[in-house]
Every structure is written in C-alpha cells, then in structure tokens.
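Subject: Handing over the structure

Hello,

I am passing this structure on to you, and below it I have written out what was found when going through it. Please read the notes with the structure open beside you.

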Amino acid sequence: MNKAIIDDALATGADEAAESARLFAHPATWWGACVFVVALALLVGLPGIDRTPLDSHEIFVAQSVREMSARGDWLVPYFNGIPRLNKPPLNYWLTGLVAVLDGALPDVAPAHARLVSVVAGVGTLLATMWLGALLYGRETAILAGLVLVSSAGYFSFTHDARPDLLYTFFTSVMLVAAVQALRAQPVPAPLWGSAGLVWLAFAGATLTKGPHLPLFALLGLSVQAALVARSARTPWRALRVWPGLLLALLPAAAWWGWLRLQIDPATLGHSQLAGSLLTPAWRRFGDPYYLYRPLQLLLPWLPLVLLALGGLHLRDGRRHTGWLWWPLLVAAVALSCGRQYRYFYLLPLIAPLTLAFTRPVVVLLRSPLGAWSRQLAQLGIVLQVLLALACAAWVLVESGRLRWLTPPILATLGGSVLAYVVWRMLTRTATDDTDPPGRR
C-alpha cells in the first residue's frame, strides 16, 4: 500500500491520542460514556414497541413470518398466500428467531418484529462511534453517538419493523471495517481480518435489502483510498475484492437459485428482488433531493449546521472528511437516478452523515475562540437544547405517552448530556483548546 496511507494512519493515531487526552483519557470515563450511550439507546428504543399496532408497512414482516412458519418454508416469503418478492428474507428469519425464543411462533407480536430494529439500532450506534473513534478520537465518537441516539431518524426506525435499520447496521459495520482495512494496513489485509468483515457485512446487507447501498458506499471509500494513495489498485488489494465478493455472494446466490426453482421465472424477473426499481431514470440524474432531504434524519439537531460550517473553515474540520463525504456523494448521485425518491433511502449511511455533521462542530468548539465567538457558540448550544426540549414535549403530547420511560424524555436526556459535554469543551482555557503545533 502507498506510504501516504501509512502516514495518514499515523497522523490519525496522533490525533486520537491528543484528543482522547481531553475528556475521555481515563478508560473508566470512556467505557462509562459508551455504556451510558448504549443504555440510552435501549431506553429510547424499547418502550412502546409492544403497545403500538403494526402499521401498513410493518404488517408485511409479521404476516410473512407467520405464513413462512405455517408453511414450514423459510426460504420463500409469502403474504396472504402469494409469494412476496419485494425483499430478501434475512429480516423475516431474525423476526422468526425472536418469536421462537419467546415461545410464541407461529404468532408474531409487534414487539417480536420491532426488536430486530432495536438491536440493529444499538449496533448502528456502536458502529458510528467506532468509526468516529477510528477517524477522529473518543470525543467526536461520544458526541456523534449522543446526536445519533437522540435524533428523529434513530427514534423513528427503532420503532419500525421494516428492514431499513437492519440494512443500516450491516452497511455501517461494512463501512467501519472497510475504512480500517483501507487505512491501517501497510499490506493487503488478510481475508479473516477487516477485509473479511467487510464482505460478511456486505452479505448480510444483501440478504436484508439488496447490494446497492453497500456497493455505493464501497465505491465512495475506494475513490477516497485511491486519492490518498495515488493508486487505483490500493482499494482493490486492501479489500481483497475477488475472494471477498465470492464470500459475500455465495449465500445470496444460493438463496436466489432456490427461489428460481420455486417461482416462475417471468414473475420473478419483474419483481423488486430482480431489481425492477433499480433501473436508472437518467433524466433525473443529478437531482439534488438526496443532498438535502435526508438531513431530516438528524432532527432536531440541524441548527448546529451553522457551527459545522464554521468548523469546516478550519483545517482540522476538513481532516479525513473524504472517508465520510465520498460514500455520501456517490450514494446521493446514484440514488438521484432512481425511480422512487424516499429520504430514508440514505439511512444506511447515517453513520458517515452524523460524523460529517458532528466533527466540524467539535473542531470549532475546541478551537481558540474569541470572547464574542465563544458567547455566540454558547448561545447557539442553549437554543439548540431548548429546541430539543420543545420537540420532545411535542412528541410526548402527540403520542400520548405520559410514562416516565417515554423515549422523547430519554432522548432529551441524551441532548442534555451532549450540551454538558459541549459546554465543558467551551469552558476550557485557550491553552487546552489549542492543538499542539505538531498536529497542524
């Protein structure tokens, strides 16, 4: 691998060491913060998953699992006696496993179907923090985790039985493993290491909803790796593409082959499983929808974008951002050619989206701000927390959930901790905020 990759990894190690020496230098502080964020994720995700009836989209999962169990056929999904050829079966399998462990199958309760999304949400949160620590350090990782766990996108999809958050989990793990393989290895990674995890996660995503978003993400990361190493062969060698693809596509190909034996080829050929929605609509190429609409996933934290824009003017605010922006850009451009526009189609890339949004804010708040700028930033944080409180109160009233374990209240707790951590960053002395000259 090119020497630039190694130098880049060493520079990141220095960044992480310097940053971690601030708020999360002590292991107990770091692991305590991680445990708190994960506990918050469980408390945000679990309450209410058994009380709200399944909506018109979630019922597809529950009913398909019931029919697969009744038929004794776990390879071909059915809905109302008709093969359901919209999504691969992994989400059905996991939902059925939850129902089996609860001793309920063939009945499938709302909680069984939604618990898969709750667990996938925790995994996505951990992958986001892992990516943040890998690229920038512990401070950024914790702040990104707190923003993600208290966001509208996280709350909505952890309470949804559809496979979107499971798809997001596998894509997020693939991204982290790919970044690690592309940046940390001076020689091609062994297939049983980071590169192997890339393709195992790719296989999981393919069996959940399809290979398109993971493929777009890998293409974006490959562009960044090629630019850093100044060699187009670098990502190919580091990711062990040929054996990796074989590993990833083998289970999907086996399931697809069995499906072709059971379903009429003409019917299968016109289904979503065969890619009927993936045929490009070139007249839409370049539509900016995916450059702004998926930002609603990060509500109510979007006003922090003003601080993020300030951080992007600093050198550290732009460091390593190619590992985040290239996957997002490739996916946004590719999805612009799709036949359907849905903001949550970019949900699988919520990890780089959250970090690209959070990292410049961290850099700005760690910079030696003047008195006027510091007061303005403090005011912005206060207003942001007030906005989060207002949003939580609105959700609480609209949903009718008045119990103290209601997810909006707990999401507000996450926002309050975020505000406290940021406040600590703002109140450091100028000496603490200034990076060592060697890092510039």
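Which hand does the crossing of α17 and α18 have? Before the answer, please keep in mind that this is a predicted model, and that the values given here are computed from it. The crossing of these two helices, α17 and α18, is left-handed. Helix α17 covers residues 322-335 and helix α18 covers residues 350-366, and their axes come within 9 Å of each other while crossing at roughly 130°. That angle makes α17 oblique to α18. On the α17 side the contact is made by Leu324, Trp325 and Leu328, which meet Pro352, Leu353, Leu355 and Ala356 of α18. Sorted by kind, the residues of this contact come out as seven nonpolar, no polar and no charged.

Helix α3 (residues 58-71) packs against helix α4 (residues 90-101) at an angle of about 75°, and the axes of the two are 9 Å apart. The helices α3 and α4 are therefore roughly perpendicular to each other. In this contact, Phe60, Val61, Ser64, Val65 and Met68 of α3 meet Asn91, Tyr92, Trp93, Thr95 and Gly96 of α4. The residues of the contact of α3 with α4 divide into six nonpolar, four polar and no charged.

Helix α6, formed by residues 138-149, has 12 residues and reaches 16 Å from its first C-alpha to its last, which is close to the 16 Å expected at 1.5 Å a residue. This helix, α6, is mostly covered, with 11 of its 12 residues buried; among the buried residues are Glu139, Thr140, Gly145 and Val149.

Alanine 226 is found in α10, which spans residues 212-229, and at a relative accessibility of 21% alanine 226 counts as partly exposed. Leaving aside residues up to four places away in sequence, alanine 226 touches Ser231, Ala232 and Pro235. Between alanine 226 and tryptophan 236 there are 9.4 Å from C-alpha to C-alpha, with the two being 10 residues apart in sequence.

Arginine 230, in the loop between α10 and α11 (233-238), has phi near 55°, a positive value in a residue other than glycine, and its relative accessibility of 78% counts as exposed. Arginine 240, in the loop between α11 and α12 (241-262), has phi near 50°, and with a relative accessible area of 30% arginine 240 is partly exposed.

Finally, please look at two cis peptide bonds. One of them joins leucine 105 and proline 106, with omega about 20°, and proline 106 is found in the loop between α4 and α5 (110-135). The other runs from leucine 299 to proline 300, with omega near 5°, and proline 300 lies in the loop between α14 (289-292) and α15 (305-312).

With kind regards

Note on methods:
Residues numbered from 1 in each chain as written. Predicted model: local features only at pLDDT ≥ 70, side-chain atom pairs only at ≥ 80, totals over all residues. Heavy atoms only, no water. Axes fitted to C-alpha atoms, helices over the stretch in contact; angles between N-to-C directions. Helix = DSSP H or I, 4+ residues; strand = E, 2+ residues; numbered from the N terminus. Parallel < 35°, antiparallel > 145°, perpendicular 65-115°, else oblique. Left-handed = near helix turned anticlockwise from the far one by under 90°. Contact = heavy atoms within 4.5 Å. Nonpolar A, V, L, I, M, F, W, Y, C, P; charged D, E, K, R; others polar. Expected span 1.5 Å × (residues − 1). Buried < 20%, exposed > 50% of the residue type's maximum accessible area, 1.4 Å probe, protein only.
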